[in-house]
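Subject: Structure handover

Hello,

Here is the structure for your set. My notes follow below it.

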Amino acid sequence: MKKVFVEDVLGMGEGSEVELLGWVRSRRVHGGLVFIDLRDSTGVLQVAVKRGVVDDESFERAREVGREAAVKVRGVVRKDPRAPGGVELQCRSLEVVGDSLDEFPIRKGVGVRFLFDHRHLHLRSPKVTAIMRVRARLVESARRWLREQGFTEIHCPTFITAAVEGGATLFKLDYFGKTAYLTQSVQFYQEAAIYSLEKVYSLQPSFRAEMSRTRRHLTEFWHLEAEMAYAELEDLMEVVENLVHAMVRGVHEGCQRELRVLGVELDPSMAEPPYPRIKYSEALQILSNKGVEVSWGDDFGADEERVLSKEFEKPFFVTHYPKEAKAFYHMLDPEDPSVCRNTDLLAPGGYGEIVGGGQRIHDYHQLLKRIEEEGLDPKDYEWYLDLRKYGSVPHSGFGLGIERTIWWLLKLPHIRHAALFPRTPARLYP
Ligand code: 4AD
Ligand code: MG
């Protein structure tokens with residue numbers, strides 16, 4: 001008999017004989033009748049095991065089997081409006097492939113902390129499964145779109161020697177007696193690669209030693225970054241809005257079942273370009289009207305971004321931040337050198353920043369000056385400066401946080417739900 005999946009059974013006609021391999025999500029015993037909710041990677045199916053219809057051994061196994069035990073079930077498909085999904089499997093035989101040795105620890109009513117302490121088992125829940133499917137689809141959609149636009153995927157190192165995004169959030173480690181760090185961003189390597197490949201992207205983990213216990217910070221996150229030669233800030237924003245739209249569309253098209261499981265309504269038109277573009281100074285004004293005062297020069301934190309992004313229905317770009325608020329590599333605006341030609345993309349509805357990027361300084365002397373102004377050692381950035389010595393061109397790039405984006409799209413209570421095994425200041429296990 002051919003092995004089928006739950007998803008296939010839901011579309012099958014009455015009377016089909018099938019074999020399923022899965023896990024016991026739950027079991028209810030009513031005298032001579034046992035109902036098992038059988039779970040596999042595609043869904044949950046009710047299996048009715050009736051004394052007399054199955055052999056006695058199968059019936060005893062069904063009566064005794066533990067939650068989350070692995071089982072092989074043969075049976076006949078029956079339409080039954082009372083069953084979830086309208087279909088039930090009438091069991092003919094049941095074998096235990098791998099029993100549960102103890103009571104499965106995850107039960108209704110256990111707290112979030114307990115769930116994340118048992119994340120290795122929590123992953124079996126239909127909701128977590130759905131989130132991971134959405135994540136895969138989101139990433140696939142991004143890769144496809146970038147490839148179609150002529151970007152080449154590159155892979156960059158994780159061990160580095162100097163900060164990209166400021167020294168405060170570097171994880172330091174011992175590298176055979178030398179000091180090394182875990183990367184915060186592969187941007188500088190991408191900047192080196194554009195001189196041959198012109199348009200590149202990477203998808204790999206970035207690390208931030210941030211003690212911030214917010215709903216949007218991880219210490220390790222997946223970073224989708226891209227860099228383009230001969231591209232200015234305006235070109236960059238067009239790429240970002242079209243990419244985000246493609247990602248949202250991809251999830252909408254490919255994850256209807258998952259979105260249903262999660263109870264999420266995703267309307268791709270809310271991510272349709274063009275996105276509003278406002279300057280930092282305008283953002284300050286909006287915040288001030290809402291009673292939130294930010295002094296010129298400060299970057300926005302989670303609180304400010306929450307207030308600001310509640311004012312928008314679509315993702316929106318905030319551009320031209322004061323240079324004090326952002327990293328040294330941002331190009332300064334020739335018309336007002338107190339601000340950078342940078343942009344953050346903020347997700348609406350209180351979620352805030354999901355993308356950070358902008359146009360880079362491509363002039364050697366200006367870059368050297370900014371490095372010195374920031375009190376950094378030009379020696380640490382020698383190879384990065386070198387890139388400005390040989391055929392330097394205007395160029396721009398960005399980084400998008402994968403977990404941040406999922407957090408926003410699925411309206412998750414905390415970013416950690418978007419990661420298989422999240423890493424936060426308080427969580428390094430499992
Ligand atoms: O704004 P960030 O720090 O920008 C950079 O790292 C640039 N070098 C990227 C580039 O231009 N190539 O980070 C980019 C994005 C943020 O917008 C956010 O989505 C995500 O990375 N991010 C985090 N996600 C989860 N936890 C954290 N601690 C994050 N820090 C940044
Ligand atoms: Mg940022």
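A cavity here is a set of points, on a 1 Å grid over the protein atoms alone, where a 1.4 Å probe fits but cannot get out. Grid points are joined across faces, edges and corners, and a volume is the space filled by probe spheres set on the points. By this rule there is one cavity of 30 Å³ or more.

This is a predicted model: local features need pLDDT of at least 70, side-chain atom pairs pLDDT 80 or more, while totals for chains, interfaces and linings use all residues. Residues are numbered from 1 along each chain as its sequence is written, chains are lettered from A and ligands numbered from 1 in the order written, and side-chain values use heavy atoms, without hydrogens and water.

The largest cavity has a volume of about 100 Å³. Its lining (residues with an atom within 4 Å of a point) includes Ile-160, Thr-183, Tyr-189, Asp-380 and Trp-383.

Ile-160 also has a bridge partner, Tyr-181 in E10. E8 and strand E10 (residues 178-182) pair in the antiparallel sense over two bridges. Strands are DSSP runs (E, at least two residues), numbered from the N terminus; two of them pair if DSSP finds at least two bridges between them. The open sheet has three strands in the order E8-E10-E9.

Now Arg-388. Arg-388 is buried, with a relative accessible area of 6% (buried means under 20%, 1.4 Å probe, protein chains only). Leaving aside neighbours within four places in sequence, its contacts (heavy atoms within 4.5 Å) include Glu-191, Asp-363 and His-395.

Best wishes

Definitions and conventions:
On a 1 Å grid over the protein atoms alone, a cavity is a set of points where a 1.4 Å probe fits but cannot get out, and a pocket is an open set with protein on both sides within 12 Å along at least five of seven lines; lining residues have an atom within 4 Å of a point. Helices (H or I, at least four residues) and strands (E, at least two) are DSSP runs, numbered from the N terminus. Buried means under 20% relative accessible area, exposed over 50%, partly exposed in between (1.4 Å probe, protein chains only).
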